[in-house]
Amino acid sequence: MSRTRRTTRPGARNRRLAAPAAALLAAALLASCSSDAPKDDLADDPAASEQAEDGDKRSEFFDQADYDRQLELTKATPEGPEGKPWEQMLDPASGGMVDTSEYAMEGGVEGAKLCFSNAGVFNPWRQVGLKTMKAEVAQHDEIADFTVLDAQGKDDKQISDIQELSGQDCDALIVSPNTTATLTPAVEEACGKIPVIVFDRGVETDCAVTFISPIGGYAYGAAAADFLVDEVDKGGKIVALRISPGVDVLETRWSAAEIAFEKAGLDVVEVKFTDGDPSKAKSIVSDAIARHGRIDGVWMDSGATSVAAVEAFEDAGEDIPPITGEDQQDFLQAWKDKDLTAIAPAYPTFQWRTPVIAALKILKGEEVPKEWTLPQPVVTEENFDEYYKEGMPPLHYGACGCEELPGYPGDWGGE
Amino acid sequence: MTTTTPSATTTVFAGVGRRLGTGAPVYVLLAVLLAALAITDPGFYEPDSFLAFIKRAAPLVILAAGQYMVIVSGGFDLSVGAVVTAGVVAGAEFYGSYPDAPWLLVTAGLLLAGAIVGLVNGLISTVLLVPSFITTLGMMLILEGAVFYWTGGSPQGVLPESFRSFGRGEAGGWLPWAVLACLAVGAIAVWLMRSDFGRTLLATGDNERAAALAGVRVPRVRTLAFVLSGTAAALAAVLVAGFSGVSAQAGRGLEFEAITAVVLGGVILGGGRGSVVAAMAGAFSLQALFTLLNLQGVSGALESTVQGFIVIAAVGLGAADFSRLRRRRSQPSEGKSSS
Amino acid sequence: MLTMQDVSKSFLGVRVLHGVSLDLEPGEVHALVGENGAGKSTLMKVLAGEYAPDEGTITLDGTVHAFSHPVQAQAAGIGLIHQEFALLPHRTVAENVFLGREPVRRGFVDRRAMERRTAELLAELDETGITPRTLVKDLSVARQQTVEIVKALAASDVRVLVMDEPTAPLADHEVELLYALIRRLAARGIGILYISHRLREVFDLSRRITVLKDGRKVATLTTADTTADEVVRAMVGRELGSYYPPRAGPEEIGEPLLTTAGAGNERLAGIDLTLRAGEVTGVAGLQGSGRTSLVRALFGAAPFTRGHMTVTGRALRPASPRQAIRGGIALVTEDRKGEGLALRQSVRDNALLVTRAVHGEGAQAGGVAGLLERVNLRSRGHDQEVQYLSGGNQQKVVIAKWLAAGPRVLLFDEPTRGVDVGAKAAIHTLVRELARDGMAVLIVSSELPELIGMSDRILVMSDGTLAGELPAGAGEEDIMRLATASDATPEGSAA
Amino acid sequence: MTAVRTEAPVSAAPRRLPGAGRLKVTDPVVGVWLAAAAVTLIGWIVVTIDGGQFMTQSNFTGILQNSVALGLVAVGQSAVILTGSLDLSVAYLISLGTLVAAETMEGGSVVTAVLAVLALSAAVGLANGLIVTGLKVNAFIATLGMAFILRGYIEDNYTGPAGDVPASFQRLGYDRIGFIPISVFLLIAVAAVLWLITKRTRLGHHMYATGGDEHAARLSGVRTRRTVIYAHVLCALCVGAAALFLASRLGAGAPWAGTEARYDLDSIAAVVLGGTALAGGRGGVAGTLGGVLLLSVLDSIFNQLSVDPFFKNVVRGVVIIAAVALYARPFRRRAKARDEARAKEKGALA
């Protein structure tokens, strides 16, 4: 998925996701990552994290409760202003609302200083996100100063960054953790000093005033899978393209899809890892076509490589089967131009606006939900035009919620 | 005087060694891999899919050819991966501002830019005497940083079909342009290495001082090697961009793949020995290996492990043959040196 | 003291030593001579434990040894001084002397002890110019050689010292110092095996001479009752008579091809010389007198910065080898492997290197065959890598390389260094032929006999200037007188 | 290696006095520390002009803290490079190290974890050494291959962060005495040990010899292969230490702890910045530390000025090239030629 920085070889930088996780997902992580049993089994059994469709394999990543809850939330109607998903919240009651009066700045939020420890801007999703966040800040004159430290994807550095920021005179600290587990201590330390807002990926502590994120991986994976289930006849051949093995949040997407495919009796003929590299993805799909003759559907755990997959079919002179992608502009473009049968679950970049809004709420003493779960839109034939924006760059994200913001579209590279 | 027994025989073995040590292993490896491919996927040798394979291999093969020039002259070029990434991104960025620029112009522009990067690498290494490993390592950081700094992290433009067809489309509907490019580069490389330039390049990599005293303009020759490598990288960028479109990580790790390919081809790091054909064969072997692992359905995760083992083994095999012969013949020849 | 009995050694099934026997007495200097590939060095390396013999025994002081590693040989008291030093330029003298056997105290290298002992050994050899902490790269070659010897002495209680062409890198006065050193070592009861091409040295130093040919021992002669001719005969089965080709008659000497006037640079001053077509000019001088600087300046490798120079009548003061080559000058350097050849390239590629680099006429590769014929190269085809050729044949390739460029002026720096007697003669003849063909030839050599034998006139250099000129056939004494006339610093400008 | 030529062909470099070339400002070791100081000063001025504070305690703490991980790796890397080899597998070894550490600590005691990590590192280092010396695979390829192997293993067995480091051990990553993080003392300790080994033990002397001139060293009875193997093991152990530190800092093992920070290339860069010749035989640990410090001071300055992260890379690249260009100058061509000759030998040997 687009949050991936996957190096194909050593010497290149990151090889993983700075990925999202709903609070519950974070819990799931606790369950999966730090639970010893499956992990140790794994260590002995190299085949384990292979895409084998065996049950115990899934049990390692799959958490029925989270799964059900996430599918639940997809149906729930969000509270909050219509048409402003970044201010909406799903089932805030579950985590309860937090009274933030203790953080309220006396004399109002005028001249507030916000600080942001960013995991990095190592991929288009994060770049679009950061632009969006900065635009949001620009909207609020009351924010006198907005300091961003970029960890360039280094946990070690982000820990130092958080320490440094909580040392400075920030009124509130926004954190987009590079890694769930490893930043917990640093965040806890910061919680003691200033109000902390965590978003995108979670941390294994609830000391943050609020944790902001969309619904999560199961919902994403299921949405895409269900679409194929509807479009493809029983027994149809499915190719599943995944970014990289053993990355928690991607596993949730895949495990959700796996269930759906099995239930519907679709035949998953290939499950391959693309490293998020289009040319590799294209090669894989071409090979798949060559070997299986006909492919009836393509499932993706992320958008980065979906266009390459589409082209693989074109170059092979085959019709493009139902395919899933993400709200990345190049895919939406292909969808429009080639009139694909497609669906694009989004992991919305508009969530980068919410932390700023939340921070101001907190500093005003207004209450915020402990777990601020944002809607997770899915781009379909019907709502296509809401997300497809003429003239935006190929690596732009439709669900940026940035259309109204100052500087749009220029600052996002559009014309 | 007569050529004495030791030198006589050792030359025989040296000859064998030269062939065994540098050439043979890679061709054997390639043959084995291709055979394995044929077994795993009977359809592999149908014209289309085989052409598709070559098409996919083309960028790496071209990179290897360029890398060979640098390595054989006694250097390293770690910047090629960055050149590819930069090339793809810059291309897209350029089209962002001038959507209907003629593809030929943009391609030429990229090639020129690649050549300039190579020129800078070369000048820094030869004039400032910075080891090329460091020069190109620095260049790698600079390019990656610069291009993303310029594009604010992600390119703004879309690559039009006209531009992409070179890496994506076919000539006459069946022969991929990439394959043609591959063949062309191969032909040029072979011709170059037989030309005066090629021979002096080898001599320079072998003994820089002797070359200099023979009137070889060493800095120029070595710089030219970097220019070729840079240009090849840019060409690879054009092909990659064509094949799979805009990507912010198009060239990631390619420098290591290219060097691995060249070494697989039996070219000695340090210069002075090795054939460009073998280097390109090394690239094909590597690509074949990737495809094979892919077809075999080796766990995506384990792929790199298998790859690691095979690379070490293959190079080890070549080195073993060669080094044994080197040790043997080194003895009498040392003997000579002192009598 | 030392006996090697019926030593045989084969490489890849090819015998390079056929049951060679040899014995050495305490305090004896025993010379070992023979042509290239005669097996001298192999024999010595067997002795020094670098190769294990296939057959035969090595007995030292009554105990039989079978060395499998140099260290064992060293421990047993056998030291080998390589022609090519095994020294680390960036380490100190002491560190080099004790490399591989550093004294250890409480787990750490005892540098003080190391340096003390080094100082002692240096003192024993009255070597004052070296301190244990000097970096080797800052020493002259001669002193580096001394360090090599000290290294051998420090290794153990050395009983046998093997010296492989020890004078090759040395200048004459340094050779004298080395002689003194060797005699001192011998006086201490150390047996010395002395490998050399230079019969004069052999006769100066040795008590006995063992001659090897094609891996067999031909004879062991007592120096006192033999002659150079006898030895050479034993080595090559050829008379010494045709050793040097006849000189040029006055009618053969033509117009000047290269002249300099008041030329100089940081090493040279006031160089006025004229090289004429058909003439072989010799240049003598002590180490550091500027001989090599002179040829390198003429060739543009270390260019003149002052003065005037003409080549074939046109004004040309080359600033780079390239210019010199274009002007028709060629230089055969003293360091064949380091500067003359690309060892891993083929004979053809080496022979064509200059034309390719300068004239870009590599295509006319046809001509090369004729040239290699002309220098009468012995090789297994033109695709053979030059590293497998003997020193003599390598030198012929170097010469062919230059002839391919069609030069008018040929500069030779130590043309026959590391070349055996047979090849020497061939090269000398060739040089003379080239002169006859109308080239101007300049030869720098530290071997006075060669210089006297080859030259039509001899220029003597001293302290970066031309100290004088001597006619053909001048005696060594006259040369040395001129050479040592001024206060040439013994260290010279060794880098 | 042939004798230094009697009359230097190309070089006009003035003759050095005995003992010169040490303790000189042109000496890279001195140079890099001066550079680090200079950069600090400049950074101070620039940041102050920019309206920030540079000479703050927290900032110093940050700089030191950020030097530790890279420092540990680079110190190890200098050992191999000195010996004329190279290690590109460090990044993945770190990742694996953190994982092993964290998981073992989760299950068993800290001690066993430390031992486990060091054992793992030693094993990998040994493997590298054996491949380079035994199979005669060029170090570049050998360790690159090792990197692939480790990577595959990690990806195949780990799914994101794993294990859990007890608070007691996390203190290593977080505690400090005054403004000095205690992990800095770990770095100093390791560096000191490496310094002693390289400068004061036989192994060290042999490492310099092997890197300087493999052939000469062997003729002098140095067991060059063994030396290379030891060097690789030493390097790997330092990497293990780095892994332990990172584990304590991250509180868990991270499969990307090493790769995302690019410790492989960065460590080499730091070593070279520190004036160690890539061809081997010259340089040392002291310089490397200077190089590391220089890099992290730069980073801190960029942080203070909140420079675009992409731009940082540009500057880093320029700094590395510029530094080495400066070092290359005093030696001049002759040294260059010699180094290349050596590099060549290495190429041919490995």
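What share of the contacts in chain C with a separation of 6 or more comes from residues 24 or more positions apart? In this predicted model, such residues account for 68% of those contacts. Two residues are in contact if their C-beta atoms, placed from the backbone, lie within 7 Å. Local features need pLDDT of at least 70 and side-chain atom pairs count only at pLDDT 80 or more, while totals for chains, interfaces and linings use all residues of the predicted model. Residues are numbered from 1 along each chain as its sequence is written, and chains are lettered from A and ligands numbered from 1 in the order in which they are written.

Chain C contains 17 helices and 22 strands. Helices (H or I, at least four residues) and strands (E, at least two) are DSSP runs, numbered from the N terminus. The radius of gyration of chain C is 24 Å, close to the 23 Å that the globule rule gives for 495 residues, so chain C is as compact as a globular protein of that length. This radius is taken over C-alpha atoms, and the globule rule is 2.2 Å times the number of residues to the power 0.38. Along the principal axes, the C-alpha atoms of chain C fill a box of roughly 70 × 50 × 45 Å. Of the 495 residues in chain C, 59% are buried. A residue is buried if 20 or more other C-beta atoms lie within 10 Å of its own, exposed if 12 or fewer, and partly exposed in between, with C-beta atoms placed from the backbone.

Chain C is divided into domain 1 (2-242) and domain 2 (244-485). These bounds come from an automatic or database domain assignment. The C-alpha centres of domain 1 and domain 2 of chain C lie 32 Å apart.

An open sheet in chain C is built from six strands. Their order is β18-β19-β20-β15-β21-β22, and the pairing is mixed. In chain C, β18 (329-332) and β22 (465-471) stand at the edges, each with a single partner strand, so one side of each is left without a neighbour in the sheet. Neighbouring strands of this sheet are turned by 20° against each other on average, direction ignored. Axes are lines fitted to C-alpha atoms, for helices over the stretch in contact, and angles run from 0 to 180 degrees between N-to-C directions. Two strands pair if DSSP finds at least two bridges between them. Strand β19 (residues 409-413) of chain C runs parallel to strand β20 (residues 440-444) of chain C, and five bridges join them. Asp413(C) has Val444(C) as its bridge partner in β20(C).

Most residues other than glycine have a negative phi, and most peptide bonds are trans. Two residues of chain C carry a positive phi. Glu165(C) has a phi near 50°. The loop between β9 (160-164) and α6 of chain C holds Glu165(C). Glu165(C) counts as buried because it has 24 C-beta neighbours inside 10 Å. Phi of Asp463(C) is near 60°. Asp463(C) lies in the loop between β21 (457-462) and β22 of chain C. With 21 C-beta neighbours inside 10 Å, Asp463(C) also counts as buried. Helix α6 (residues 172-187) of chain C includes Glu174(C). Glu174(C) is buried, with 26 C-beta neighbours inside 10 Å. The C-alpha atoms of Glu174(C) and Arg184(C) are separated by 15 Å, and the two residues are 10 apart along the chain.In chain A, the peptide bond from Tyr408(A) to Pro409(A) is cis, with omega near 0°. Pro409(A) belongs to the segment after α14 (384-387) of chain A. Elsewhere in chain A, strand β12 (residues 323-324) runs parallel to β13(A), joined to it by two bridges. Ile323(A) stands opposite Ala342(A) in β13(A). From strand β13 (residues 342-345) of chain A, Ala342(A) and Ala344(A) point one way, Ile343(A) and Pro345(A) point the other way, and all are buried.

Chain D has 13 helices and two strands. Buried residues make up 67% of its 350 residues. Among contacts in chain D between residues at least 6 apart in sequence, 81% join residues at least 24 apart.
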